[in-house]
Amino acid sequence: MQISVHTVGGDPVVAFEAEPSWTLEHMLAYFPALGTPQGSRVRVLHGSVEVTSGKTLESVGVIDKATLTLVIEPPKWCVLTASDDNTARIWNATSGLCLHTLAVDSSRVSSVAFAPH
């Protein structure tokens, strides 16, 4: 069966031929390098049902030409902050150290969120 995987925002990630007996591990082999931080959790959903290693595509109701949703949860130790000084920062919540500062040219940063891209 033909499967498409998209981000929560609807952007296509990958499409491939799958067997009804496949689990999450089978599908992960077809995903491109996602560039996710170590410790991130990759989840694949069919509607509100998660495809896990214990569930097959067939058992969660996936049919030919289905579109699944890719969700990447950031590591539990990682925190994002936004600031009026035109920056967003990634912090290690365990140590309190700033891991990376992202600067923008135009205006203040009022919100931030993790995304798979």
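Are Phe16 and Trp22 buried or exposed? Both are buried (under 20% relative accessible area, with exposed over 50%, partly exposed in between, a 1.4 Å probe and protein chains only).

The model is predicted, with pLDDT of at least 70 needed for local features and 80 or more for side-chain atom pairs, while totals for chains, interfaces and linings use all residues. Residues are numbered from 1 along each chain as its sequence is written, and side-chain values use heavy atoms, without hydrogens and water.

**View 1. The aromatic pair of Phe16 and Trp22.** The structure holds 1 aromatic pair. Phe16 and Trp22 form this pair, stacked at 6.1 Å centre to centre with 25° between the planes. Rings of Phe, Tyr and Trp (its six-membered ring) pair with centres within 6.5 Å; planes under 30 degrees apart are stacked, over 60 edge-to-face, and the rest tilted.

**View 2. The hairpin of β7 and β8.** β7 (87-92) and β8 (98-103) pair in the antiparallel sense over 5 bridges. Strands are DSSP runs (E, at least two residues) numbered from the N terminus, and two of them pair if DSSP finds at least two bridges between them. Trp91 has Cys98 in β8 as its bridge partner. The hairpin has 5 residues between the strands, and Gly96 there takes a positive phi near 80°. Leu97 lies in the loop between β7 and β8 and counts as exposed because its relative accessibility is 55%.

**View 3. Surroundings of Val60.** Val60 sits in the loop between β4 (49-51) and β5 (66-73). Its relative accessibility is 11%, so Val60 counts as buried. Leaving aside neighbours within four places in sequence, Val60 is in contact (heavy atoms within 4.5 Å) with His46, Val49, Glu50, Val51 and Lys55. The C-alpha atoms of Val60 and His46 are 7.1 Å apart, with the two residues 14 residues apart along the chain.

Note on methods: Helices (H or I, at least four residues) and strands (E, at least two) are DSSP runs, numbered from the N terminus.
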